[in-house]
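This report describes aromatic contacts and strand pairing in one protein model. The sequence and structure come first.

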Amino acid sequence: MNNSFENIKYFKLKEFDSPDMYGSGKNMQRRFLLKLDKARETANIPFIITSGFRTENYNQELIDKGYQAVNESAHCIGLAADIYYSQKNFNIMLNSLIGAGFKRIGIGKSFFHVDIDDNNRPSPAVWVYDTTPSSIAKLKGKIYNYIKDIIASKKKLKHFVCWLQEPY
C-alpha cells in the first residue's frame, strides 16, 4: 500500500485520480487524506470525490472551459478535493468537515471544495461559488448564516470570510 494511504480507512487511491492520468491519486498529501478520512468517519455517510488530484494540464483545461478552477490550485499539489453533497446530507457533511479541522471550504451548488493550502491562500476562509442571482440569494440566506453559526459554535475558526465571485 502507498505510504500516503496507510491508516486511510474510507478512501481508495483511484478516487483521487486526475481524469487524464491513471494512478495520479498517489500524489495526494497524507495530512490532507487523514483530515478527510476523519471527516468521513464523523459523518458516517459515503463521500463521493468529484475532483481530487489534478495535473497542471487538466487544471488548465478546466480554466480554459470556464470552470472556476484557479492557477496554482491546491488540487495540483494534493491538498484539495471536491466532494458531492445532496441537500439531505449537506448539514452532516459540513459539520464533519469543520469538525475535522478544515478551515478552507468552498460551497458549490452540489459540492464542497476543501483544502489545506493554508500557506498560499487566506485561512480560515469559506466561500460560495457564484451561480445565478437567485442561487446567491438562497446561499447567502441559508448557507452563509448556517456556516457562521457552525463556526461560532465550534470556535475552531477565528473569523468568517465569504467570497461570492472569486474562489480560492
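The sections below cover the basis of the values, the aromatic pairs, the strands and one lysine.

## Basis

This is a predicted model, in which local features need pLDDT of at least 70 and side-chain atom pairs count only at pLDDT 80 or more, while totals for chains, interfaces and linings use all residues. Residues are numbered from 1 along each chain as its sequence is written, and side-chain values use heavy atoms, with hydrogens and water left out.

## Aromatic pairs

A pair of aromatic rings is described by the distance of the centres and the angle of the planes. Rings of Phe, Tyr and Trp (its six-membered ring) pair if their centres lie within 6.5 Å; planes under 30 degrees apart count as stacked, over 60 as edge-to-face and the rest as tilted. The count by this rule is six aromatic pairs. One of them joins phenylalanine 32 and phenylalanine 102: the ring centres are 5.7 Å apart and the planes stand at 70°, so this pair is edge-to-face. Phenylalanine 32 lies in helix H1 and phenylalanine 102 in the loop between helix H3 (90-99) and strand S3 (104-107), so the contact ties together parts that are 70 residues apart in sequence. Helices (H or I, at least four residues) and strands (E, at least two) are DSSP runs, numbered from the N terminus. Phenylalanine 32 and phenylalanine 102 are both buried, where buried means under 20% relative accessible area, exposed over 50% and partly exposed in between (1.4 Å probe, protein chains only).

Phenylalanine 90 and phenylalanine 112 form a tilted aromatic pair, with 5.2 Å centre to centre and 35° between the planes. Phenylalanine 90 is in helix H3 and phenylalanine 112 in strand S4 (residues 111-115), so this pair ties together parts that are 22 residues apart in sequence. Both residues are buried. Elsewhere, ring pairs link Phe11, Phe16 and Phe47 into a cluster.

## Strands

Two strands pair if DSSP finds at least two bridges between them. S3 and S4 pair in the antiparallel sense over four bridges and form a hairpin with three residues between them. Isoleucine 107 has phenylalanine 112 as its bridge partner in S4.

S3 also pairs with strand S5 (residues 125-128), in the parallel sense and over four bridges. Here glycine 106 stands opposite tryptophan 127. Both faces of S3 are covered, with Arg104 and Gly106 buried on one side and Ile105 and Ile107 buried on the other.

## Lysine 14

Lysine 14 is in the segment before helix H1 (30-43) and is exposed, with a relative accessible area of 61%. Lysine 14 and lysine 26 are twelve residues apart in sequence and 8.2 Å apart in space, C-alpha to C-alpha.
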